[in-house]
Amino acid sequence: MASNSEYASDRSVSDFSSSDTDEQSNSDSDSDSTAPQACKYYNKNNCRNGAMCRDLHVCKYYLKGSCRYGNKCRLSHVVNSKQEKRGRGKRTQRQRERSRSSSNDDTDSSKPYRWQLNLGNGWEDVDNDYILEAQFSRPNTKGIRIYNTPRGALSIDFTKMRILKKSNLRVRRKGSHHSDWLWYYQGNHGWHEYGKKDAQGNVSPVDSARLESEFQKNRRGTVHFTINSTNYDIRFNDMCQKNLSTGHKRRIRRRPIYVSPQDGSQLNTVTNMLKKAWPSSSKKTPLWQFSGRGGNWHSFTPRGCCNISSADIETEYQNNPQGSMNFTVNGDQYTLNFSRMIQTNLKTQGTRNIRRVEQ
């Protein structure tokens with residue numbers, strides 16, 4: 001359905017807004033707006049409707065996955081199926097349709113993912129959807145803009161899985177039960193994978209495997225961990241990490257491990273199709289830049305002490321959008337990490353953000 005696209009990173013100036021935390025409402029997570037609610041009066045021991053109450057007579061903290069009392073809680077930790085059915089009855093028809101359409105079950109087990117658009121005539125597959133998947137798998141990419149659809153250019157917000165400024169149009173990602181997922185938090189120098197060493201040498205005691213396991217058990221739950229005597233909560237409900245001492249929050253994201261097309265020579269196939277998606281006659285080669293002091297951006301230029309150009313980086317990126325490459329400046333070795341969009345000085349471990357700018 002669409003063959004041209006460009007992505008929007010967290011630092012891009014575009015339709016994509018950025019907030020302190022991301023609302024997780026994509027096709028691989030439950031939607032808060034359609035979920036049955038715990039009765040606030042029952043939680044205060046004064047519900048007058050009893051068994052006829054439309055809300056759930058269950059501990060509200062249990063429903064969120066954060067009840068600290070466990071089996072000793074005075075409130076019920078069992079959801080009454082009749083109440084849940086009545087609670088669902090309050091939802092609108094549109095909400096019920098959204099709930100059904102948000103299922104991540106993929107009947108075609110041969111495909112690890114399928115991106116689809118509903119432009120008013122039912123769900124249709126997106127052509128060359130590996131391009132969307134490649135950008136979606138990168139934690140720093142907030143969204144993508146696709147072209148040549150029957151409705152013109154559309155901006156897709158990955159964190160909320162919706163089409164911006166088009167409330168009557170919809171997007172979804174149909175996943176496979178066998179997909180592998182990675183978890184990231186937004187640090188001071190970009191996005192970092194849980195369980196991996198950051199620029200300061202810190203490693204969180206929780207990794208992607210544990211977070212994914214806990215997420216599958218309870219998609220509204222909370223994971224507690226401690227690092228350097230500081231306690232943190234990872235909250236799936238609002239997709240944030242909270243410092244329990246200071247109250248400071250960081251955004252977290254769940255993104256799949258990118259799987260290239262399975263036909264042909266895989267990465268070469270991706271590269272050739274990308275060339276078709278961005279014809280050289282209609283677009284210039286994207287420009288690669290690194291952040292400098294004062295928030296200014298500088299282009300990579302091979303001059304004197306630097307042995308790399310923006311075109312060199314673009315070639316390597318097209319061959320492996322999730323990989324990395326090394327280069328030298330003044331005798332110091334550096335690494336560009338495309339998945340995290342950062343530049344690292346291998347001697348000092350200092351990092352800078354990098355970006356890819358469409359011209």
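**Salt bridges and their surroundings**

A: Asp238 is partly exposed, with a relative accessible area of 21%. Here buried means under 20% relative accessible area, exposed means over 50%, and partly exposed lies in between (1.4 Å probe, protein chains only). This is a predicted model, so local features need pLDDT of at least 70 and side-chain atom pairs count only at pLDDT 80 or more, while totals for chains, interfaces and linings use all residues. Residues are numbered from 1 along each chain as its sequence is written, and side-chain values use heavy atoms, with hydrogens and water left out.

The partner of Asp238 is Arg235. Their side chains form a salt bridge at 2.8 Å, N to O. The term requires a side-chain nitrogen of Lys or Arg within 4 Å of a carboxyl oxygen of Asp or Glu. Arg235 is also partly exposed, at 21% relative accessibility.

How many salt bridges does the structure hold? The count is seven.

One of them joins Arg173 to Glu133, at 3.0 Å from N to O. Arg173 sits in strand E7 (residues 170-175) and Glu133 in helix H5 (residues 130-136), so this bridge ties together parts 40 residues apart in sequence. Helices (H or I, at least four residues) and strands (E, at least two) are DSSP runs, numbered from the N terminus. Buried or exposed? Arg173 is buried, with a relative accessible area of 1%. Glu133 counts as buried too, at 1% relative accessibility.

Another salt bridge pairs Arg114 with Asp125, with an N to O distance of 3.7 Å. It links distant parts of the chain: Arg114 belongs to strand E2 (residues 113-118) and Asp125 to strand E3 (residues 123-125), eleven residues apart. Arg114 is buried, at 12% relative accessibility. Asp125, at 41%, counts as partly exposed.

Lys40, Lys44, Lys60 and Lys64 form a positive surface patch. Patches take residues with over 30% relative accessible area and no salt bridge; like charges are joined within 9 Å, and nonpolar side chains (Val, Leu, Ile, Met, Phe, Trp, Tyr) within 5 Å. Lys and Arg count as positive, Asp and Glu as negative; His and the chain ends are not counted. Each charge is placed at NZ of Lys, CZ of Arg, CG of Asp or CD of Glu. Lys44 is exposed, with a relative accessible area of 60%.

Now the chain as a whole. Its secondary structure comes to eight helices and 19 strands. Of its 359 residues, 45% count as buried. The accessible surface comes to about 19,200 Å², and 44% of that belongs to carbon and sulfur atoms. Areas come from the Shrake-Rupley method with a 1.4 Å probe; for residues, only the protein chains shown count as cover. Among contacts (heavy atoms within 4.5 Å) with a separation of 6 or more, 55% come from residues 24 or more positions apart.

Thr285 lies in the loop between helix H7 (267-277) and strand E14 (287-291). Thr285 is partly exposed, at 45% relative accessibility. Its C-alpha atom is 7.4 Å from that of Glu358, 73 residues apart along the chain. Ala153 is part of strand E5 (residues 152-157). It is partly exposed, with a relative accessible area of 29%. Leaving out residues up to four places away in sequence, Ala153 touches Arg145, Ile146 and Tyr147.
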